[in-house]
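Dear colleague,

Please find the structure below, handed over for your own calculations. My notes on what was found in it follow directly after.

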Amino acid sequence: MGCDVAVLTETHLPDGAPAPPMPGYRAFHLGRPQERGASAHGGVAVYVADRLAAGAHLEQRCEGGRFGWLRIDEIVGLPAPLCIGAAYIPPHYSSRTLNAADDLLAIDSLETLAIEAAEQGALVLIAGDLNAHTAALGAPGRRSADDGRR
């Protein structure tokens with residue numbers, strides 16, 4: 001793959017399923033719990049190069065699998081640990097969204113974790129699919145069915 005960290009979204013793997021192995025990388029998979037009878041959607045996988053994997057650990061996982069918070073300590077060339085917020089937040093008006101309030105809670109939690117990590121001197125990266133269309137993020141409201149677009 002030629003990179004140290006890769007964040008993949010829409011893994012479509014259920015909660016508890018391992019991410020597909022990739023030679024030279026350690027995988028952290030954050031599947032989303034599935035509703036009964038629903039197909040798998042969402043999910044995030046983070047691949048960390050083996051040379052960094054010893055210092056990598058999942059510090060927190062958001063309820064509902066919306067995001068995970070990883071920390072990688074002692075990266076040669078970086079002055080501080082790297083904290084990664086890896087997220088999949090479904091669109092607010094999607095029929096696949098289980099609860100829009102959970103999406104906002106996930107965004108607020110990511111923001112809080114990022115601020116806390118930065119205040120402790122860590123470098124912070126937020127990556128993934130943050131496509132929650134919410135008024136809190138300045139997105140327009142739902143379009144009507146009359147305008148021909150959804």
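The side chains of His 29 and Thr 11 are joined by a polar contact of 3.0 Å (a pair of N or O atoms within 3.5 Å; within protein, one must be able to donate a hydrogen and the other to accept it, and residues adjacent in sequence count only if both atoms are side-chain atoms). This is a predicted model, in which local features need pLDDT of at least 70 and side-chain atom pairs count only at pLDDT 80 or more, while totals for chains, interfaces and linings use all residues. Residues are numbered from 1 along each chain as its sequence is written, and side-chain values use heavy atoms, with hydrogens and water left out.

His 29 belongs to strand β2 (helices, H or I of at least four residues, and strands, E of at least two, are DSSP runs numbered from the N terminus). A polar atom of the His 29 side chain also lies 2.9 Å from the backbone oxygen of Ala 17. His 29 counts as buried because its relative accessible area is 15% (buried means under 20%, exposed over 50%, and partly exposed in between, with a 1.4 Å probe and protein chains only). Leaving aside neighbours within four places in sequence, His 29 is in contact (heavy atoms within 4.5 Å) with residues including Leu 13, Pro 14, Val 44 and Arg 61.

Arg 26 is found in strand β2, which covers residues 25–30. With a relative accessibility of 37%, Arg 26 is partly exposed. A polar atom of its side chain is 3.2 Å from the backbone oxygen of Ala 56. The C-alpha atoms of Arg 26 and Ala 53 are separated by 6.2 Å, although the two residues are 27 residues apart along the chain.

How many salt bridges does a search of the whole structure find? There are two (a salt bridge is a side-chain nitrogen of Lys or Arg within 4 Å of a carboxyl oxygen of Asp or Glu). Asp 4 pairs with Arg 51, and the closest N and O atoms are 2.8 Å apart. This pair links distant parts of the chain, 47 residues apart: Asp 4 is in the segment before β1 (5–9), and Arg 51 is in helix α1 (residues 50–53). Asp 4 is partly exposed at 33% relative accessibility, whereas Arg 51 is exposed at 56%. The other salt bridge joins Asp 73 and Arg 71, with the closest N and O atoms 2.8 Å apart. Asp 73 is partly exposed, at 24%.

Asp 129 is in contact with Thr 9, Glu 10, Ala 87, Tyr 88 and Ile 89, neighbours within four places in sequence being left aside. Ile 126, also in β7 (residues 123–130), is partly exposed, with a relative accessible area of 35%.
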